[in-house]
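User: I'm new to this one, could you walk me through it? Start wherever you like.

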Amino acid sequence: MASTSAGKRVTDEELEILEQGGDLDAISAERVDEIEESDAEDVKIDDPGSSTSSLSDREPTEERRGAFSRIVRTVQVIKGWMIKNDVTKTTKRADSFLERFTMAGPNNLDDSGGGRNAEANMSAKKQRRPHTFVIDPTESFYYRWLFVISIAVLYNLYLIIARAVFKDLQSENLTLWLTLDYLSDFTYLLDMVVKSRTGYLEQGLLVADKKKLRLKYIKQFEFKIDLLSILPTDICYIFTGVNSPWLRLNRLFRAPRALEFFDRTETRSNFPNLFRIVNLILYIMIIIHWNACVFFAISDSIGLGSDGWVYPNSSVPPYDSLTRKYVYSLYWSTLTLTTIGETPPPVKDVEYAFVIFDFLVGVLIFATIVGNVGTMISNMNATRAEFQNRMDGIKQYMHLRKVSKDLEQRVIKWFDYLWTNKKTLDEEGILKTLPDKLRAEIAIHVHLDTLKRVTIFKDTDPGLLVELVLKLRPQVFSPGDYICRKGDIGREMYIVKQGKLSVVGEDGKTIYATLSDGSYFGEISILNVPGSLSGNRRTANVRSVGYSDLFCLSKDDLLDALKEYPDAKRILEERGKTILMKDGLIDEAAAKRGTKSKEQFEQEEKIDRLESAFDNLQTKFSRLINEYSNAQMKMKQRITKLEKRMRRLKDKDLDDDFCPSSLDVGGSN
């Protein structure tokens, strides 16, 4: 009985987990061993007297227990294999150099936890988190949906008026129009659902509460406009017939969605000026199209061919075709709105009023076109104009200072190279509006290929590299320019982005080496490596072969960055020491002792002397201030005493003057 109850208990508990799709890890290997041990104990407790009957029952029981344990182990192995493969497939091997610069906060890589555990934790969180369909307005899905709804809006905006005016257009393709109409209505309804699920930022976080989003959308004025645009005015087809598309004019209230799509496209486009021109042409074409339809409607109401201003009689070829009706009306509308004229003069008062209104609208359109096109052309040429002004200023300066023609030609060629290779952008000015984090990420992605080749930057603290990347300054050198000369004091290191440099001898002809893309030099002179025999002096002449693009990192910028990273400073000095040892440019004894070179000692002595002199000056200055304060106090005391003495003398003189006069008065009495 014990065996039977244990088997039943195991089967009920363990199989229930499997049937409910629970975590298979709950059935651990230890649990399986316990089950097997309990089964063995149950077999031993069985009555030995009933050996014949127990053998027949025991064998199937052991088989069931062993089969169950094997199933559990097999499922565990399969699950582990699947998770491993899934992680392997979904985890894309990223650039290890770029991973170190990931600065997106929660998305940072966790080196201690391991990728597999992080992946499993994220999948578990996704399973526990309830799925909520909320649309982020900054994502691509929302932009693509704006494109879809804009197609529906433009369809109604362009064809409803045309079908209402040109009867043949409506009647000849009735099935197509009805299908497209109700398809656009369905798109409008979906758009309302999308709006009710579009999130917004509250305290910097995207609101994902469905009820809150729905209530916010319903309270907006936009919701009322959307309801008005989707009212089923097509029901009136029962009274007017299906050839009355003007009943669907309320669909035009959804036009702001198309304007929103245009605004977002202008923001996303890499050619905003071109898009503005296309957008302006689209607006003009819609206005001309509507005006053409109104012209034909007025002509139809007055009577086709009734006078010289209206559309000719449609019963006379070739004016009877639908194409000619629309093209003629569009031609008349274009001539009128562009204020070109050359159209038949109006005859009736209604015609005069319509033509006057068209001329006023045409003047407004013409002014808008001229203003917008002029602004676009100015924006397109703004960079060129600014560059030309800088170049003209340099030319005037060189002419004023009587610069030689050869040097002037070199300067002009340098400017031509900058403009031809699109290197005139002020990168610092453009990126200054961005926060440091985004600026660093952009700089890393732009300069990634170059930085990966610099061995001195490998395995360095990512925070330090971020600061250094922000301090890199691009420089362009002309053919024959010397980047550095032997013996010069090194204040910068250079990284070759593009071009070729030659390491030449003193004569300028002997070439010892050629530096190409990704090469770097000058790093030793800015590191202040202990024991360096060259100090901070350049050890070679480096000359540009052609036009070369380099990144420059100054010594001051590096030292400022290393103040906050002492460990990184020590690592860089060790690497610089290794490089100097390979080239035999280091005093190994001094380097092992950690002492500095003679030149560095001299510099430190000068600094110490300057500091002591500054301390002496500060002491003398403090002494002078104290003496001045004491002298000032003594002066104030003397002045106070003099004032009191003068006051007593004045009082005494007044008394002397008063006494004789009083005596004279008494004697006379």
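Analyst: The side chains of Arg264 and Glu260 meet in a salt bridge at 3.5 Å, N to O, where a salt bridge is a side-chain nitrogen of Lys or Arg within 4 Å of a carboxyl oxygen of Asp or Glu. This is a predicted model, in which local features need pLDDT of at least 70 and side-chain atom pairs count only at pLDDT 80 or more, while totals for chains, interfaces and linings use all residues. Residues are numbered from 1 along each chain as its sequence is written, and side-chain values use heavy atoms, leaving out hydrogens and water.

User: How far apart are Arg264 and Glu260 in helix α12?

Analyst: They are four residues apart in α12 (residues 255-268), so about one helical turn separates them; helices here are DSSP runs of H or I with at least four residues, numbered from the N terminus.

User: And how many salt bridges does the structure hold?

Analyst: The structure holds 19 salt bridges.

User: Switching topic, at what angle do α16 and α17 pack?

Analyst: Helix α16 (residues 382-400) and helix α17 (residues 405-420) pack at about 170 degrees, with their axes 11 Å apart; axes are lines fitted to C-alpha atoms over the stretch in contact, and angles run from 0 to 180 degrees between N-to-C directions. The two helices are therefore roughly antiparallel, a label for angles over 145 degrees.

User: Which residues meet there?

Analyst: Among them, Phe387, Met391 and Ile394 in α16 meet residues of α17 including Val411, Phe415 and Trp419, with contact meaning heavy atoms within 4.5 Å.

Methods:
Parallel < 35°, antiparallel > 145°, perpendicular 65-115°, else oblique.
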